[in-house]
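Please read the following explanation with the coordinates open. It walks through aromatic contacts, strand pairing, charged pairs and backbone angles in turn.

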Amino acid sequence: MALLIAPWLTSCLGDDDDKYDYTAWKNENETYFARMEDTIGSDGKKVFEKITPVWAPGVSILAQWHNDRSLTASNLVPMDNSTCDIVYQGSYCNGVVFDSSYSEVDSVRSFTPTTLIVGFWTMLTNMHVGDSVTCVIPQNAGYGASSSSIMPYSTLVFNIKLKAIKAYEVSGN
């Protein structure tokens with residue numbers, strides 16, 4: 001009797017495991033990042049700039065600037081420990097929004113780059129006050145395989161505007 005029940009139990013367990021198999025999702029997200037990295041605009045140039053921080057050479061994010069950066073070039077750039085006022089919306093590569101400052105009364109949230117995921121930290125410290133960008137963050141610069149409120153292996157897409165730097169910290173020497 002036990003031999004007859006064992007295959008049934010293992011097949012049921014297999015079905016439960018399939019609900020938590022993120023292989024297809026991971027592949028979809030990796031494909032999306034690669035596609036965005038290779039996207040060419042009507043001007044024949046890549047749409048996204050690849051940014052790799054010096055302090056994390058194995059990590060790269062993509063940035064599509066929405067403003068004329070020559071107009072913000074003389075504005076402050078946040079340091080790692082600056083307090084930044086930003087407006088943003090975060091979504092998965094399939095367009096589903098998972099977080100947005102626009103749900104707040106004034107739409108502005110304050111963050112210190114070092115308290116954020118590596119990709120968002122990298123993006124903020126490459127922006128000037130007034131810059132607006134779409135940032136594509138692969139899972140190795142986001143939440144990776146960890147399962148929190150964000151699906152594991154997710155490529156994240158953020159629309160970010162750096163409004164101000166409330167507290168511009170300096171490096172301690």
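Tyr 88 and Phe 158 are both buried, where buried means under 20% relative accessible area, exposed means over 50% and partly exposed lies in between (1.4 Å probe, protein chains only). The model is predicted, so local features need pLDDT of at least 70 and side-chain atom pairs count only at pLDDT 80 or more, while totals for chains, interfaces and linings use all residues. Residues are numbered from 1 along each chain as its sequence is written, and side-chain values use heavy atoms, with hydrogens and water left out.

The structure holds eight aromatic pairs. Rings of Phe, Tyr and Trp (its six-membered ring) pair if their centres lie within 6.5 Å; planes under 30 degrees apart count as stacked, over 60 as edge-to-face and the rest as tilted. One of the pairs is formed by Tyr 88 and Phe 120, which are edge-to-face with 6.1 Å centre to centre and 90 degrees between the planes. This pair links distant parts of the chain, with Tyr 88 in strand β3 and Phe 120 in helix α3, 32 residues apart. Helices (H or I, at least four residues) and strands (E, at least two) are DSSP runs, numbered from the N terminus. Both Tyr 88 and Phe 120 are buried. Tyr 88 also forms an aromatic pair with Phe 158, and this one is tilted: 6.3 Å centre to centre, 55 degrees between the planes. Here the parts of the chain that are linked are strand β3, with Tyr 88, and strand β7, with Phe 158, 70 residues apart. Ring pairs join Tyr 88, Phe 120 and Phe 158 with Trp 25, Tyr 92, Phe 98 and Phe 111 into a cluster.

In β7, Phe 158 stands opposite Cys 135. Strands β6 and β7 run antiparallel and are joined by six bridges; two strands pair if DSSP finds at least two bridges between them. Strand β2 (residues 61–65) is joined to β6 by four bridges, and these two run antiparallel. Leu 62 stands opposite Val 136 in β6. Is β6 enclosed by the rest of the structure or exposed? Five of its six residues are buried, so β6 is largely enclosed by the rest of the structure.

Charged side chains come next. Side chains of opposite charge can pair when their charged atoms come close. A salt bridge is a side-chain nitrogen of Lys or Arg within 4 Å of a carboxyl oxygen of Asp or Glu, and by this rule the count comes to five salt bridges. Among them is the one between Glu 37 and Lys 50, at 3.0 Å from N to O. The pair links distant parts of the chain: Glu 37 belongs to helix α2 (residues 23–38) and Lys 50 to strand β1 (residues 49–51), 13 residues apart. Lys 50 is partly exposed, with a relative accessible area of 47%.

Another salt bridge joins Arg 69 to Asp 131, with the closest N and O atoms 3.1 Å apart. Arg 69 lies in the loop between β2 and β3 (83–92) and Asp 131 in the loop between α3 (118–124) and β6, so the pair ties together parts that are 62 residues apart in sequence. Arg 69 is partly exposed at 25% relative accessible area, whereas Asp 131 counts as buried at 0% relative accessibility. The charged end of Arg 69 also sits over the ring of Trp 65, 3.5 Å from its centre. A charge sits over a ring if NZ of Lys or CZ of Arg is within 6 Å of the ring centre and within 35 degrees of the ring normal.

Lys 166 and Asp 85 form a salt bridge in which the closest N and O atoms are 3.9 Å apart. This pair links distant parts of the chain, Lys 166 being in strand β7 and Asp 85 in strand β3, 81 residues apart. Lys 166 is exposed, with a relative accessible area of 54%, and Asp 85 is buried, with 13%.

Finally, the backbone. Ser 107 has a phi near 70 degrees, a positive value in a residue other than glycine. Ser 107 is placed in the loop between β4 (97–100) and β5 (109–111) and counts as buried at 15% relative accessibility. Tyr 153, also a residue other than glycine, has a positive phi near 65 degrees. Tyr 153 is found in the loop between β6 (132–137) and β7 (156–167), and at 23% relative accessibility Tyr 153 counts as partly exposed.
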